[in-house]
Amino acid sequence: MVEAVKLSRHNLFNTHIIPVNFKYFAPKTLNEALELLDKYGKEAKILAGGTDLLVKMKMRLVEPKYIINIKGIRELNFIKDEGNQVRIGALTRWRQLEKSELIKNFFPSLYDAVKVMGGTQIRNMATVGGNLCNASPAADSAPPLMVLNAKLVLASKKGEREIPITQFFKGPGKTVMEPDELLKEITIPKPEEGSGSAFIKVARTSMDLAKISAATALKVEDRKIVMVRIAIGSAAPTPVRTPKTEEALIGQPFRPSIIREKVKLVVNEISPIDDVRSTAFYRKEVSKIIVEDALLISYERASRR
Amino acid sequence: MKIPIHFILNGEEVSVEVEPNELLLNLLREKLGLTGPKYVCGIGECGACTVLLDGEPVLSCLTLAVDVDGHEVTTIEGLAKDNELTAVQKAFIEEAAVQCGYCTPGFIIMIDKLLKENPNPTEEEIREYIRGNLCRCTGYVNIVKAALKAAEELRKNTSLIKIKK
Ligand SMILES: Cc1cc2nc3c(=O)[nH]c(=O)nc-3n(C[C@H](O)[C@H](O)[C@H](O)COP(=O)(O)OP(=O)(O)OC[C@H]3O[C@@H](n4cnc5c(N)ncnc54)[C@H](O)[C@@H]3O)c2cc1C
Ligand code: FES
Ligand code: FES
C-alpha cells in the first residue's frame, strides 16, 4: 500500500486547483445520464474528456453546480460500419479515429483533421462529441463533418432527435441542444462513388487552434463539377458552409484557373474578426487559398479511389 | 463531499479519499508524494504532467482524481525496475537531453510509450508524437537524439533475446 504523505502547509492551499465546488455524478448508462440531465440540466455540465471544460473551470469561465461525468458510459464509445453509413459514438476519442482504417479510408477530410488536432495526450483524452458540443468556431471536427453531410443524434429523457450538423451551431459556445439533452452519436453517410474530401488548417503552432480552416468535398464527372461542398472554420461565429460559392462552382469545368476565380466568392460568405490568433484581413485572404488547395486535394483523392 | 477511490499506482494498490474538484496531478504530488509529474501550465499545453492511464499517456492536470477509480496509473517513478534505469532514461543522460529537467518526466514517459508502439520511429515520427510536450531548455535536438538512441538500444536487446531462444 502507498501511504498518504503528510501535507506541507504550502500544499494545503494548492490542493483544489479547480476553484469551483460542485456535486459529482458518474453515471454508467445513458439512461442514468439522461435522468440526471432531466433533474439538474440547467445547472449541470457534462464532462467528457474534460480538455475544454476543465480548462474553462480552472479559469472560472464556467462554474457549474453539478458535474455529470459521462466517461464511464461504454455504450457511447464506438465506431460502427453499417454499410451505407458509419456511426461514431459521442465519447469516441480522437486517438480512436486516428487508429481507425474506416475513418482513414472513407472520410479523408476527417482524418486530416485528426492529424492536426492537439498532441498525442490530448487526442487520447478528448472526445469528438466534446469538440462539437463545446461549439468553438475553431473546432477541427466541424468543417469535415459539415462537408461529409454528418447528422447528430441528440437524446433526452423525452426521446431522440436527429439533426444535420449544419443546423447544430448557434454561436461561439452555443448550440441548439436543450439543457436536458446530450449528444449521443454522429452518423456519416459513406461518400458517393468517385468523390473526394480534404481539410486544411492554418495555425500558429502545431498545437494551437486554427486561425482559419477549410474542408471540401468534391465530385467531378466528364471534367465537370457535379457535387461540391465547402465549410470554413474560425471565420464566423460558428463553422459555416458557403452555399453561394458552391452554387457558382457547380456545373463548371474542373480547371485550376476557374477554381481560383470562383473561390474568391467565399470571402463574402464569412465574417471573420481580429483576435489573439489572427486578423480579419488575413483570414479573408487565406480563406480563398485554402479552399482552392482543399479542392485540388479532394480532386486528387477522388481520382485515386 | 469526500469520495473514496481505489486504483493501481505504479503496480501498488492505493486507497484514498478525494474531493470531486481535486486533480490527479495534485493527488499524486501532494498526497501521494510522487513529484515526478510536474505542474507547469495546468491547462494542457505543455505535457510536463503526463502520466500513463491504463497504459495510455494523458495529462494529469486535466484529469479529475475521482476519474482514476478502478484504473491503473503509471508515473515516471514507475518506469525503472529493479534499480536499473530504462533504455530511454539512460539515453537521456548519455545524450544530455536534460538541462533544467522540468520537462523530462513527461518526455521520457512519451518516448517510452512511442517505442513500445513503434520500435523503429523516424525523427519525424518522434517529433510528431511528442509535439504536445514543451521544453524551454534543450531545443529538442538532444531529446530526439536520445529517442533514436534508445530505440536502437532496445532493438539490439530484443534481437539478442531472439538469438538466445
Ligand atoms: C492543449 C490543447 C490543444 C487543443 N487542440 C485542439 C485542436 O487542435 N483542435 C480542436 O478542435 N480542439 C483542440 N482543443 C480543444 C479540445 O481538446 C477539443 O475541443 C476536444 O475535442 C473537446 O472534447 P472533450 O471530450 O475534452 O470535451 P469536454 O471538455 O469534456 O466538453 C466540452 C463541452 O462539451 C460538452 N459535452 C461534452 N460531451 C458532450 C455530449 N456527449 N453531449 C452534450 N454535451 C457534451 C461539455 O459539457 C462541455 O461544455 C485543444 C485543447 C487543449 C487543452
Ligand atoms: S501542466 Fe499539464 S499540460 Fe502543462
Ligand atoms: S530541460 Fe528544461 S524545460 Fe526541458
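Good morning. Chain A brings 41 residues and chain B 39 residues to their contact, where contact means heavy atoms within 4.5 Å. Please bear in mind that this is a predicted model, in which local features need pLDDT of at least 70, side-chain atom pairs count only at pLDDT 80 or more, and totals for chains, interfaces and linings use all residues. Residues are numbered from 1 along each chain as its sequence is written, chains are lettered from A and ligands numbered from 1 in the order in which they are written, and side-chain values use heavy atoms, with hydrogens and water left out.

I begin with the interface of the two chains. About 3400 Å² is buried between chain A and chain B, and carbon and sulfur atoms give 57% of that area. Buried area here is the accessible area (1.4 Å probe) that two parts lose on being put together, summed over both. Three salt bridges cross this interface, a salt bridge being a side-chain nitrogen of Lys or Arg within 4 Å of a carboxyl oxygen of Asp or Glu. A:Lys71 and B:Asp67 form a salt bridge, with their closest N and O atoms 2.3 Å apart. There are also 17 residue pairs in polar contact between chain A and chain B, both residues at pLDDT 80 or more. A polar contact is a pair of N or O atoms within 3.5 Å; within protein, one must be able to donate a hydrogen and the other to accept it, and residues adjacent in sequence count only if both atoms are side-chain atoms.

I turn now to chain A itself. Its domains are domain 1 (1–70), domain 2 (77–189) and domain 3 (195–304), with bounds from an automatic or database domain assignment. Between domain 2 and domain 3 of chain A, the C-alpha centres are 20 Å apart. Each of these two domains of chain A gives 25 residues to the contact. Together, domain 2 and domain 3 of chain A bury about 1900 Å², 64% of it on carbon and sulfur atoms. On the domain 2 side, A:Pro137, A:Pro143 and A:Val147 lose the most area to domain 3 of chain A, together 29% of what that side buries.

How many salt bridges are there between domain 2 and domain 3 of chain A? The count is two. A:Asp112 and A:Arg301 meet through their side chains in a salt bridge, at 2.9 Å from N to O. Seven residue pairs are in polar contact between domain 2 and domain 3 of chain A, both residues at pLDDT 80 or more.

Thank you.
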